[in-house]
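Biologist: Could you walk me through this model and tell me what backs up each label?

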Amino acid sequence: MARAFRGKIEFDVRDSVGDWDAFLPAKAPDGAPNVLVVLFDDTGQAAWSPYGGRIDMPTLDRLAANGLTYSQWHTTALCSPTRSTFLTGRNHHLNGFASISESSTGFPGYSSHIPKSNATMAAVLRDAGWSTYWVGKNHNVPIDAWTAGGSKKDWPLAQGYDRFYGFIGGETNQWYPSLAEDNHYIDQPYMPEEGYHLSKDLADKAMAFIRDSKQTDPDKPWYLWFCPGANHAPHHAPQEYIDKYAGRFDDGYEAYREWVLPRMIERGILPEGTELTPLNPMADGTFSEADRVRPWDSLSDEEKRLFSRMAEVYAGFSEYTDAQVGRIIDYLEESGQLDDTLVIYAADNGASGEGSPNGSVNEGKFFNGFPDTMEENLKYLDRLGSPDTYNHYPTGWAAAFSTPYRMFKRYVYQGGIADPLVISWPKGIAARGEIRSQYHHSTDIVPTILEACGVEFPDHVDGVQQAPLSGVSMGYSFGSADAPTAKETQYYEMFGNRGIWHRGWKAVTEHGPISGLGDYDNDRWQLFHTEEDRAEAVDLAEQHPEKVEELKALWLREAQANNVLPLNDLNVVGKDLETFLTMEFSIPVPPSGQYVYYPGTSEIPERSAANTHAVSFRVLGHVVTTDQTQGVIFAQGSRFGGHALFVKGGRLHYVHNFLGIGEPQLLSATMPPAGEHVLGIDFRKERTGEHRESYGTATLYIDDRAVASEEIRTMTGHYALCGEGLCIGYDSGDSVSAADYSGRFDYAGGEIKKVVFDVADDAYIDLEQHLAAAFARD
């Protein structure tokens with residue numbers, strides 16, 4: 001209710017006076033702006049053109065020329081945590097997002113459940129008179145709520161958004177995404193051969209939401225959070241955008257670092273005298289070897305070709321998505337809305353090092369502990385970025401795109417937390433094309449938007465007293481490049497890597513994330529004077545031990561106040577595994593070992609489905625067939641790893657696609673006469689291979705008859721990090737085996753009564769690989 005009822009109620013309506021205003025929603029303050037927040041993934045400062053990088057971003061260049069570019073804006077070093085600060089304006093541990101949803105544990109700062117005392121800005125703006133929309137990535141739904149039957153109280157519509165369209169989880173295939181609209185999962189609207197790409201689809205939907213609002217409420221402002229899949233892996237882009245960058249990265253990532261630093265200084269992003277940090281800046285034994293960079297001159301010519309092409313694909317992906325944002329900006333200009341739209345365009349963490357030192361043409365191999373080989377990777381050189389690959393560049397490019405800083409995503413050195421940010425608001429910001437160097441953080445975005453909109457965060461939302469906002473408004477910087485930084489302190493913590501910034505000084509522990517090192521009391525703290533040393537190149541800890549102790553004590557106070565403890569740097573192998581397992585969220589195997597699924601249902605996210613990795617399993621479909629029967633009985637995964645049972649050409653087929661390597665493993669037999677049957681597959685695990693893959697006998701069954709049998713190998717980790725869940729009666733997204741069928745291939749000409757997955761004989765789960773995959777979903 002907007003306000004108390006002010007009419008008059010008598011016995012007879014003829015003598016009464018109504019008051020519609022008491023029941024209508026509040027109206028935004030006069031002259032309040034629209035708000036468009038564009039949040040990319042996995043992008044270091046040195047990647048994009050406004051900061052001096054080689055990746056052309058025409059839309060971002062246009063906004064920067066018409067607004068402000070921030071040189072000292074920071075994030076949490078990881079996706080979900082940063083995005084939680086954009087949601088609520090509170091520090092990520094206060095939101096329960098110490099890390100990603102998939103690695104949540106049963107502690108307040110690590111639960112991935114945002115408390116009601118941290119209401120979202122969208123809820124506040126909606127109550128204040130804005131339409132509110134979320135389009136694109138959502139990595140802030142708790143893992144226990146991903147399923148169609150899960151609670152929707154932590155989905156966008158319950159968090160203050162009028163509409164949602166996008167994907168749930170850390171990443172998705174850009175050609176065949178897993179999509180959700182509002183509170184339910186949906187199929188993608190058309191296919192890649194018809195011109196589909198997720199970035200384009202998201203831009204279309206964003207404009208549709210705004211148009212819907214404006215045609216019925218033309219004076220009502222809107223808030224849109226636009227979160228494309230870019231630049232997170234898989235790096236997928238139209239070929240013409242990839243080809244634009246042919247040869248542009250042939251000099252290698254070390255040469256790129258040397259080239260881009262002077263350009264960043266020339267543009268005023270970095271001060272004169274800023275030094276380049278080492279390519280591998282951390283001492284041996286203090287970080288994961290998977291984060292090491294191979295020197296460019298140690299690579300073979302073929303490796304250089306492959307790595308350069310991977311960077312070209314990443315660049316094409318980024319520019320193509322920027323072009324889709326440009327379509328939104330063009331629409332706003334054409335419709336007369338751009339001048340009074342506050343546009344905030346940023347990235348959520350530094351460049352990603354999750355491609356390992358060697359890069360990958362199928363990121364799933366890394367998460368399954370299965371090595372990429374140069375021979376296999378080179379087969380896909382000319383298909384990188386297409387639907388045939390699921391690629392990610394090597395760590396060297398992560399370091400290059402995070403120039404001149406130490407490390408990259410997941411680290412609380414500048415390489416993980418210093419990100420691009422451009423703000424444009426023609427009616428609200430007089431400055432054009434200027435740099436702002438005040439120190440700020442992602443928690444400052446919500447206070448900035450609220451100040452621009454003339455809205456105060458209320459003390460209570462839906463009857464719940466609210467926690468204070470963690471950030472400060474950046475609005476003071478709009479009019480002054482010389483105004484002193486309003487922020488005094490910002491703590492950092494990610495997977496055990498700790499840091500604290502306070503009044504121009506920063507202390508960081510040389511303690512890599514997910515390192516399993518523990519022993520925090522003996523961490524070596526490094527000290528940087530960021531007012532003079534923006535790159536954190538010179539460690540001053542020995543010269544100023546008293547400053548180190550002061551900042552260590554301050555970090556602990558901030559940690560205790562923000563639910564940072566207990567620290568968790570547990571590795572996903574070896575001695576740490578058992579400890580972590582007692583804490584992580586998991587769905588227990590039913591006492592019977594059986595899971596029963598039915599047709600006509602949404603796909604089941606992999607973490608909530610029956611496990612068929614590294615175990616013996618059987619799947620039995622109770623079906624009715626006719627002479628015309630064909631289609632999928634069950635399918636899970638994609639061409640990059642998955643399995644399916646289907647009927648085609650009068651034959652029953654089981655296909656298991658092992659990480660897209662070689663030809664899919666196929667068992668086949670002639671279908672029985674029409675009638676009611678049990679069709680299934682039984683896999684008996686017999687041994688484990690060199691890379692922990694499982695080998696065993698797969699037997700195809702029709703009723704009680706074994707009709708085909710052979711040895712196959714099965715995947716150890718996940719079929720996909722997000723999406724590509726278990727489907728009954730169809731295949732969602734990318735087909736498990738494109739050579740055998742395409743598209744959904746719905747079961748037709750018969751009936752599926754139910755499908756039973758049985759893991760009772762072997763409940764063993766390769767937990768190391770499950771955890772490794774979970775940590776990678778950021």
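Predicted model: local features only at pLDDT ≥ 70, side-chain atom pairs only at ≥ 80, totals over all residues.

Biologist: On to the helices, then. Why are α4 and α7 called roughly parallel?

Modeller: The axes of α4 (residues 198-216) and α7 (residues 301-334) cross at roughly 15°. Angles under 35 degrees count as roughly parallel, so that label goes to α4 and α7. The axes of α4 and α7 also come within 9 Å, and their crossing is right-handed.

Biologist: Which residues in α4 and α7 meet?

Modeller: From α4 you get Ser 199, Lys 200, Ala 203, Asp 204, Ala 206, Met 207, Ile 210 and Arg 211. They meet Phe 317, Tyr 320, Thr 321, Gln 324, Arg 327, Ile 328, Tyr 331 and Leu 332 of α7. Sorted by type, the residues of this α4 with α7 contact come out as nine nonpolar, three polar and four charged.

Biologist: What makes Glu 536 worth a look in terms of phi?

Modeller: Its phi is near 60°, a positive value, and Glu 536 is a residue other than glycine. You'll find Glu 536 in the loop between β18 (525-529) and α13.

Biologist: Is Glu 536 buried or exposed, and what is its relative accessible area?

Modeller: The relative accessible area of Glu 536 is 0%. Buried means under 20%, so Glu 536 is buried.

Biologist: And Phe 745, what is its phi?

Modeller: About 50°, so to speak another positive phi in a residue that is not a glycine. Phe 745 sits in the loop between β27 (727-728) and β28 (748-758).

Biologist: Why does Phe 745 count as buried at 17% relative accessibility?

Modeller: The cut-off for buried is under 20%. Phe 745 has 17%, so Phe 745 counts as buried.

Biologist: Last topic, peptide bonds. What is omega for the bond from Ala 233 to Pro 234?

Modeller: Omega is near 0°, and that peptide bond is cis. Pro 234 belongs to the loop between β8 (222-227) and α5 (239-243).

Biologist: What about the bond from Leu 565 to Pro 566?

Modeller: That peptide bond is cis as well, with omega near 5°. Pro 566 lies in the loop between α13 (545-561) and α14 (576-581).

Technical notes: Residues numbered from 1 in each chain as written. Heavy atoms only, no water. Axes fitted to C-alpha atoms, helices over the stretch in contact; angles between N-to-C directions. Helix = DSSP H or I, 4+ residues; strand = E, 2+ residues; numbered from the N terminus. Parallel < 35°, antiparallel > 145°, perpendicular 65-115°, else oblique. Left-handed = near helix turned anticlockwise from the far one by under 90°. Contact = heavy atoms within 4.5 Å. Nonpolar A, V, L, I, M, F, W, Y, C, P; charged D, E, K, R; others polar. Buried < 20%, exposed > 50% of the residue type's maximum accessible area, 1.4 Å probe, protein only.
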